[in-house]
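Hi,

Here is the structure I promised to pass on, with some notes for you to read beside it. Have a look first, then carry on below.

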Amino acid sequence: MKESLKSESKDIPEGYEDLKVHVLSAYKASSNWLECLSNLVKGRNLHLKPNHKYSEPLKLEKFAGHSDSKTNIYEFLKLYEIVSRGFTREDQAHFLYSNYLKDEVKTTVRHIRDDYIKMKRHLVIKYGDVNRLLTGKKNLIKSFPPISRTTAKNQKIKFMQRYCEVLDQIQTLVDLNVKDYPQMECEIFSHTNVMDLSGLLPEFLRGKFISAYIKRRKDYNGEHIPGKESFLMLLNLMKDEQSSVEFDAENYGE
């Protein structure tokens with residue numbers, strides 16, 4: 001755009017002095033903008049250096065394997081592929097190995113550190129146990145302060161909000177990986193896993209889920225409801241309960 005303005009300004013006929021002024025002003029503004037953009041990119045190290053093995057343009061916590069339950073390999077790889085967008089597969093491999101893996105994880109992929117596809121497959125096989133991943137999510141819910149029917153409304157709201165956040169994370173995890181790992185959906189949304197998640201609810205909330213589940217099960221001739229549908233039923237029920245308590249607190253107080 002900048003060079004186009006410069007070129008076109010030479011052909012403006014006589015008598016259009018105001019137009020020439022505006023074109024020159026636009027040329028100067030575009031030059032200043034490009035200079036500011038260049039300084040911003042360089043200032044934040046967002047430019048890519050020729051050797052990606054030694055550059056680290058964007059911040060991402062190093063993957064620590066099973067020693068850190070806060071991060072799982074699926075979420076980590078999705079974030080990493082955003083960070084490394086536009087890289088060649090070889091650069092992706094070098095960049096990942098050099099910058100974003102803890103030492104204990106590095107040792108498991110040292111022999112394939114030049115091949116991103118093999119590294120990714122190896123990391124998922126070693127650290128992608130869905131049951132272990134879900135255990136981390138369940139333990140997180142167990143760490144929430146317990147509530148009961150008589151608990152203050154603001155504490156109920158906080159529990160429900162955090163519970164729904166965990167379920168939203170699980171759903172997002174599946175949605176983001178369904179193409180690459182289609183089996184994940186069946187494993188995470190199994191009947192057993194959904195019942196385990198609902199079992200972490202306090203009794204007064206679990207009872208509401210059970211009632212809704214039994215009612216819906218009639219449409220399946222008494223058989224189990226498909227896993228994903230029962231998971232969404234649990235999530236939506238909890239969001240409705242949260243909205244109900246929030247409305248109650250807002251309009252009628254504690």
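This is a predicted model: local features need pLDDT of at least 70, side-chain atom pairs count only at pLDDT 80 or more; totals for chains, interfaces and linings use all residues.

The largest pocket holds about 370 Å³ of space. It is lined by 19 residues, and those closest to its centre are Asp68, Ser69, Lys70, Thr71 and Gly136. Two elements, α3 (73-83) and α7 (130-142), each give two or more residues to the lining, and α7 gives the most, with six. By class, the lining has eight polar, six charged and five nonpolar residues.

On to the salt bridges: the whole structure has 10 of them. One joins Asp180 to Lys78, with the closest N and O atoms 3.7 Å apart. Asp180 sits in the loop between α8 (153-177) and α9 (183-188) and Lys78 in helix α3, so this pair ties together parts that are 102 residues apart in sequence.

Another joins Glu81 to Lys120, at 2.9 Å between the closest N and O atoms. Here helix α3 is linked with helix α6 (residues 116-127), across 39 residues. Glu81 is partly exposed, at 23% relative accessible area, whereas Lys120 is buried, at 16%. Lys78, Glu81, Lys120 and Asp180 are linked in a network of salt bridges.

Helix α7 comes up again in the pair Lys138 and Asp196, whose closest N and O atoms are 3.2 Å apart. Lys138 is in α7 and Asp196 in helix α10 (residues 191-198), so the bridge ties together parts 58 residues apart in sequence. Lys138 is buried, at 14% relative accessible area, while Asp196 is partly exposed, at 34%.

Best wishes

Conventions: Residues are numbered from 1 along each chain as its sequence is written. Side-chain values use heavy atoms; hydrogens and water are left out. On a 1 Å grid over the protein atoms alone, a cavity is a set of points where a 1.4 Å probe fits but cannot get out, and a pocket is an open set with protein on both sides within 12 Å along at least five of seven lines; lining residues have an atom within 4 Å of a point. Grid points are joined across faces, edges and corners, and a volume is the space filled by probe spheres set on the points. Helices (H or I, at least four residues) and strands (E, at least two) are DSSP runs, numbered from the N terminus. Ala, Val, Leu, Ile, Met, Phe, Trp, Tyr, Cys and Pro count as nonpolar, Asp, Glu, Lys and Arg as charged, and the others, Gly among them, as polar. A salt bridge is a side-chain nitrogen of Lys or Arg within 4 Å of a carboxyl oxygen of Asp or Glu. Buried means under 20% relative accessible area, exposed over 50%, partly exposed in between (1.4 Å probe, protein chains only).
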